[in-house]
Every structure is written in C-alpha cells, then in structure tokens.
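This report goes through the structure shown below.

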Amino acid sequence: LQKAIERLTKEAADATKAKEAALADAERRKKAEEKERAECARLKGLLKEEKEESDAVQKKLIAEVKDLKIQLEAALKDVERLEGANKTLSERVSHLERELKSARGGQGEQAA
C-alpha cells in the first residue's frame, strides 16, 4: 500500500509539473500572440498613413497634370496663332518684294 501511495504521489507530482509546464507554455504563446497582434496593429496604422499620404500625393499630381494640360493647350493655341501670324507676314513680305521688284522694273524702264 505504501508503494502504491508513493507511486500515486509521484504520478501526481509529475502531473502537476506537466500542468505547470503546459500553463507556462500557454502563457508564452499568449504573450507572443499579443505581441504579434500589437505589431499587426502598428503595421496597419503605418499602412493606413502610407495610403493616406499616397492618396494625397496622387491628388496633387493629378491637379498638376491638369494644370500642365491647360498650359500646354494654351501654348499650342499660341503656336497656332504665331504660325498664322508668320504665314500672314510671309505673304505680306512676298507681296512687298513683288511690289518692290515691280517698282524697280518700272524705274529701270523710265531711266532708259
């Protein structure tokens, strides 16, 4: 009977040690999960900040592109206007050159 009691006492002590080890392991896992959750929350916060910053930069770039498009369209209209003015001036110069040539030709005949 004494041996049976000793054996049961030893089994109880071993079971208690195993239970304590399991509890300690569970506590370590719980702390690790809490750390992981905290890190996840921190990373989600950073991701949200990055997305907000990215959205703000994207909106700014879109506004700048629209502004540049307006400037480009205005510049193209200026180029078209200047090309038209250049053509008109070229035609006027040609006309004046013809008049000058004609006038010189008439003067040459008068001198002869």
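## Position of Ala-41

The model is a predicted one. Ala-41 sits in helix H1, which covers residues 2-111. Its relative accessible area is 48%, so Ala-41 is classed as partly exposed, the class that runs between the 20% and 50% limits. Between Ala-41 and Arg-104 there are 63 residues of sequence separation, and their C-alpha atoms are 92 Å apart in space.

## Overall form

Along the principal axes, the C-alpha atoms of the protein chain occupy a box of roughly 160 × 20 × 10 Å.

Burial and surface can be stated briefly. Of the 112 residues of the protein chain, 0% are counted as buried, a class that requires a relative accessible area under 20%. The accessible surface of the protein chain amounts to about 10,600 Å². Carbon and sulfur atoms contribute 59% of that surface.

## Further positions along the helix

Arg-37 is another residue of helix H1. With a relative accessible area of 55%, Arg-37 is exposed, because the limit for that class is over 50%. Arg-37 and Ala-103 are 66 residues apart along the chain, and 96 Å separates their C-alpha atoms.

Ala-12 also has its place in helix H1. Its relative accessibility is 40%, so Ala-12 is counted as partly exposed.

## Salt bridges

How many salt bridges does a search of the whole structure find? The search returns eight. Among them is the pair Asp-25 and Arg-28, whose closest N and O atoms are 3.5 Å apart; this falls within the 4 Å cut-off for a salt bridge. Asp-25 and Arg-28 are three residues apart in helix H1, so about one helical turn lies between them. Asp-25 also meets Arg-29 in a salt bridge, with an N to O distance of 2.4 Å. Here the spacing is four residues in helix H1, and the separation is again about one helical turn. Through these contacts, Asp-25, Arg-28 and Arg-29 are linked in a network of salt bridges.

Asp-25 has 28% relative accessibility and is partly exposed. Arg-29, at 49%, is likewise partly exposed. Arg-28 reaches 53% and is classed as exposed.

A further salt bridge joins Glu-39 and Arg-42, with the closest N and O atoms 2.7 Å apart. Glu-39 and Arg-42 are three residues apart in helix H1, so their separation is about one helical turn. Glu-39 is partly exposed, with a relative accessible area of 36%. Arg-42 is also partly exposed, at 44% relative accessibility.

## Charge and surface patch

The protein chain carries 26 positive and 25 negative side chains. The centres of the two sets lie 5 Å apart.

Which residues form a negative surface patch? The patch consists of Glu-49, Glu-50, Glu-52 and Glu-53. One of these residues, Glu-53, lies in helix H1.

Note on methods: Residues numbered from 1 in each chain as written. Predicted model: local features only at pLDDT ≥ 70, side-chain atom pairs only at ≥ 80, totals over all residues. Heavy atoms only, no water. Helix = DSSP H or I, 4+ residues; strand = E, 2+ residues; numbered from the N terminus. Buried < 20%, exposed > 50% of the residue type's maximum accessible area, 1.4 Å probe, protein only. Salt bridge = Lys/Arg side-chain N within 4 Å of Asp/Glu carboxyl O. Patch = residues over 30% accessible without salt bridge, like charges linked within 9 Å, V, L, I, M, F, W, Y side chains within 5 Å. Areas by Shrake-Rupley, 256 points an atom, 1.4 Å probe, with all protein chains shown as cover. Lys, Arg positive; Asp, Glu negative; His and termini not counted. Charge placed at Lys NZ, Arg CZ, Asp CG, Glu CD.
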